[in-house]
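Please keep the sequence and the three-dimensional view at hand while reading.

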Amino acid sequence: MTLAAPSTTHAVQSQSKDNALTVDNVYKQFGANDAPVIAVDHMSFDVRQGEFVTVIGPSGCGKSTLFSIIGGLMGDYQGQVRVGNEPINGPHPAVGMVFQEESTFPWRNVIENVAFPLELNGIGKAERHERAQHFINMVGLAGFEKRLPSELSGGMRQRVSIARTLVSQPKILLMDEPFAALDEQTRLLLGDKITQIQQELNQTTLLITHNLTEAVQLSDRIVVMTYRPGRVKRIIDIDLPRPRTSDVVSSAAFGKYVAEIWGDLREEASRGMADSESHAVKDAARG
Ligand SMILES: Nc1ncnc2c1ncn2[C@@H]1O[C@H](COP(=O)(O)OP(=O)(O)O)[C@@H](O)[C@H]1O
Ligand SMILES: [Mg+2]
């Protein structure tokens with residue numbers, strides 16, 4: 001092994017061969033150079049094959065910007081995102097995305113929603129319905145195939161979105177606050193579903209969230225982000241047993257992780273809160 005001098009311009013590249021996803025020194029700023037908002041500040045981390053990694057940080061810290069960059073939806077950034085060893089530019093079939101906003105097609109029923117990516121790929125109806133059915137069953141929506149999204153709860157609609165992403169069998173599942181609009185109980189139960197799916201498919205997953213319980217419940221590792229500029233504050237291994245269910249939230253070990261991560265997050269969340277309050281005061285003063 002050769003020892004390179006530390007470089008300030010480029011982070012150490014991850015050498016591990018089983019990295020499914022590598023975020024390497026990614027930097028993104030918005031606005032003019034004289035008054036930039038640095039949304040993502042030289043972030044580096046990786047997700048190993050089959051691993052569930054969560055990026056957590058307070059609102060406004062740059063999570064969705066990072067999500068868009070990894071998903072190939074945002075250009076004009078510095079650094080590199082790699083799937084395996086391949087740098088990605090633009091949307092990549094290996095990365096399946098689930099968005100915070102509801103993204104089901106209201107005029108399509110459940111099975112037609114889930115089968116949609118296969119339809120785009122020109123796969124015939126019988127086969128695409130068979131494949132869609134498999135993932136509908138997996139997310140626990142068997143029996144609801146013919147329902148329209150408007151006939152489902154918010155949690156069920158998010159499961160439709162997840163099934164629609166999984167149907168393309170992406171190497172990496174990338175989700176941005178998929179449960180943010182759901183109540184806490186639904187969130188915990190949906191977390192169970194996600195854990196089961198991840199185990200069944202050995203699905204490499206990167207979740208982005210501000211929710212501490214969700215992060216600890218689901219993850220193998222958690223990347224804590226700072227608030228503006230968005231940097232990696234700490235990466236924590238979550239050494240809770242698998243298979244795991246939502247019962248884990250009542251364990252002492254779970255509580256310790258939550259407390260530990262909140263210790264890191266509190267300062268960042270406070271800065272975010274102070275920032276949004278000062279904006280609110282300025283907005284009010286402007287009338
Ligand atoms: N398209 C954009 N143009 C200008 N500023 C943006 C844009 N998108 C995000 N930002 C700013 O970048 C920062 C991070 O935003 P975002 O990534 O959405 O944070 P999060 O998802 O963690 O809430 C915020 O200050 C936000 O206002
Ligand atoms: Mg966001």
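The model is predicted.

**Domains**

Two domains are assigned to the protein. Domain 1 is made up of the segments 16-94, 171-247 and 257-281, while domain 2 covers residues 102-169. Between the C-alpha centres of domain 1 and domain 2 there is a separation of 25 Å. To the contact of these two domains, domain 1 supplies 10 residues and domain 2 supplies eight residues. On the side of domain 1 that touches domain 2, helix α5 (residues 184-201) provides the largest share, namely five residues. By class, that side of domain 1 has seven nonpolar residues, one polar residue and two charged residues.

**Helix contacts**

| Pair | Angle between axes | Distance between axes | Handedness of crossing |
|---|---|---|---|
| α2 and α3 | about 120° | 9 Å | right-handed |
| α2 and α4 | roughly 30° | within 7 Å | right-handed |

The pair of helix α2 (residues 110-120) and helix α3 (residues 125-138) packs at an angle of about 120°. Because of this angle, α2 is oblique to α3. From α2, the residues V110, I111, V114, A115, L118 and E119 take part in the contact, and from α3 they meet R128, H129, R131, A132, Q133, F135 and I136. The contact of α2 with α3 contains eight nonpolar, two polar and three charged residues.

Helix α4 spans residues 154-166, and its axis comes within 7 Å of the axis of α2. The crossing of α2 and α4 is right-handed. Here α2 contributes V110, N113, V114, F116 and P117, whereas α4 contributes V160, A163 and R164. Six nonpolar residues, one polar residue and one charged residue form the contact of α2 with α4.

**The shell around ligand 1**

Which residues surround ligand 1? The shell consists of F30, V37, A39, G57, S59, G60, C61, G62, K63, S64 and T65. Strand β2 (37-48) and helix α1 (63-70) are the elements that each give two or more residues to this shell. The largest share, three residues, comes from α1. Sorted by class, the shell around ligand 1 comprises four nonpolar, six polar and one charged residues.

**Details of the backbone**

Two cis peptide bonds deserve attention. The bond from R228 to P229 is cis, and its omega is near 0°. P229 is placed in the loop between β9 (221-225) and β10 (232-237). The peptide bond that joins R242 and P243 is likewise cis, with omega about -5°. P243 is found in the loop between β10 and α7 (252-286).

A further detail concerns the phi angle of one residue. In which strand does N25 lie? N25 belongs to strand β1 (residues 19-30). The phi of N25 is positive, at about 60°, although N25 is not a glycine.

Technical notes: Residues numbered from 1 in each chain as written. Chains lettered and ligands numbered in written order. Predicted model: local features only at pLDDT ≥ 70, side-chain atom pairs only at ≥ 80, totals over all residues. Domains from an automatic or database assignment. Contact = placed C-beta atoms within 7 Å. Helix = DSSP H or I, 4+ residues; strand = E, 2+ residues; numbered from the N terminus. Nonpolar A, V, L, I, M, F, W, Y, C, P; charged D, E, K, R; others polar. Axes fitted to C-alpha atoms, helices over the stretch in contact; angles between N-to-C directions. Parallel < 35°, antiparallel > 145°, perpendicular 65-115°, else oblique. Left-handed = near helix turned anticlockwise from the far one by under 90°. Near = placed C-beta within 6 Å.
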